[in-house]
Amino acid sequence: GVLNDAAWEGAAAIILDCVLGGDPVPGVSTRVLLTRDDVWLYIAARCADPSGKIRAEKTDRGDPGVANDDSLEFFLGTPSTKTQKEYRYFHFMLGAGNAAREQKIEKGRMDPAWTAAWPSATRVTDGGWEAEAALPLAILADGQLDGVVFNVTRNKQAPPARAYSWAVLEDGGGRAAYYNPAAFGRLTGLEDVAAPPMFAPVVLTAVNQGGYLEDHGSYSYAVSLSVTNTGDLAGTVEWTLEDRRLRDGVRMATSGGAELSARTGTNLIVHVPVDLPAARTAFIAVHPESAKRLEVGEMGRLCVLTAYTDRNMYHAGDSQGRLTVGTVFTDDAFARENLRLAVKLDGAENTRPLFERQFDATANQGLSVEFGPAELPPGDYTFTIDLSRAGGIFAGETARFRVAGALPADIAVTRIDQDNLCLLVNDRPFFPLGFCNLGGFGNVLAFDDRTQCVM
């Protein structure tokens, strides 16, 4: 990010003087330097901004919000015909905080899963910010290097916000104007480059396969990975999965690898060890280092606690209600880990809990708590369940219900039996309508206007 390297002496220079979104801002300028070898196209940029208000909030590679910071965007590709939709080009985004991401665009369609390794560095200065990047020429290996299209754009975020481009683009539509390869400039001097083949591993999908697994007191979960090599060179794909607990932010990393032939893919099952089951997120990235991190899907299936009341609604005169709590821990593991469950009941109109109990043991991986709805005034109520050990609370869940007045005499009233997973009409099971918990409790179908659905 410091542009004092001797390699930049004598480099080709271009100025971004096409202004989008308004008149030029005095003192704001963008000078870009270009040079290359047989492997990389090297780019340096000095982005002057006398306001000193440089937005450089994003720092993660793969962050989708890169362009919301002060940023540069590089476009590099080859046309197969003279029509815009037949261009294949590559789009690289680099923020002032060194956040970066990339995608491929072919025949007008964006492929955000595409990735490539491209190093970069940035720094914010008193008079703006500077950047260096290297784009791999191997991405052009199957194109015509005497017809390479190229553009650089800049996003200035401090008011007055502006967009700048080297190529002359049609103003209007914001950043959408950038995606016009027919208007890009031409990059010369690449005709004698023998672009080498590239190993380009991409994680297409990463999905959690279910709940936590226990093996003699150790816990893990399984992630299914779909990985492909979009390049023409075989190699070893190495991946790192970063796991983060939501409540306290504790991170763990798991790494591995697999051999990939040219332009082939494979599916892998990765077992991710954890120190303790808890709500968490996970991201995976492949190596060689790229700007792409993919979030692991279906992480919500890693359930630590479940909690529900036997009814979603109680009426005056209902003498008994029941809260059911389940945990991922076996009864032996609950005792071995010195865990504790705290149950608290709150009402919307109450400043202090109406009910509090603590439990140091479970039965059949859970417990039941009886309570009296008839003792509660009409209103909405929430059970809060916290699971803790010596280090503090690490998991929590809530269960909500409503207490209403006496049952109306002139209409049919529906409510949910959450123990038996069925619909009750006037407190009697209504068949054949039933439901499962895959969609979550509280999913009800009303057949006509003679019933009142209470959620």
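Contact here means heavy atoms within 4.5 Å. The model is a predicted one, in which local features need pLDDT of at least 70 and side-chain atom pairs count only at pLDDT 80 or more, while totals for chains, interfaces and linings use all residues. Residues are numbered from 1 along each chain as its sequence is written, and side-chain values use heavy atoms, with hydrogens and water left out.

**View 1. The whole protein chain and its contacts.** Among contacts between residues at least 6 apart in sequence, 64% join residues at least 24 apart. The C-alpha trace spans about 85 × 50 × 45 Å along its principal axes. Of the 455 residues, 47% count as buried (under 20% relative accessible area, with a 1.4 Å probe and protein chains only).

**View 2. The largest nonpolar core, with 55 residues.** Such a core is a set of buried Ala, Val, Leu, Ile, Met, Phe, Trp, Tyr and Cys residues joined through side-chain atoms within 4.5 Å. Tyr221, Phe329, Phe383 and Leu387 have the most contacts inside this core. Beyond its neighbours within four places in sequence, Phe383 touches residues including Thr309, Leu323, Phe355, Phe371 and Phe401. A second, separate core of 41 residues includes Val25, Val32, Phe90 and Ala96.

**View 3. An open sheet of 3 strands, in the order β22-β24-β27.** Strands are DSSP runs (E, at least two residues) numbered from the N terminus, and two of them pair if DSSP finds at least two bridges between them. The pairing is antiparallel; β22 (305-309) and β27 (366-371) each have a single partner strand, so one side of each is left without a neighbour in the sheet.

**View 4. The pairing of β24 with β27.** Strand β24 (residues 321-327) is joined to β27 by 6 bridges, and Gly326 has Gly366 of β27 as its bridge partner.

Key
Buried < 20%, exposed > 50% of the residue type's maximum accessible area, 1.4 Å probe, protein only. Helix = DSSP H or I, 4+ residues; strand = E, 2+ residues; numbered from the N terminus.
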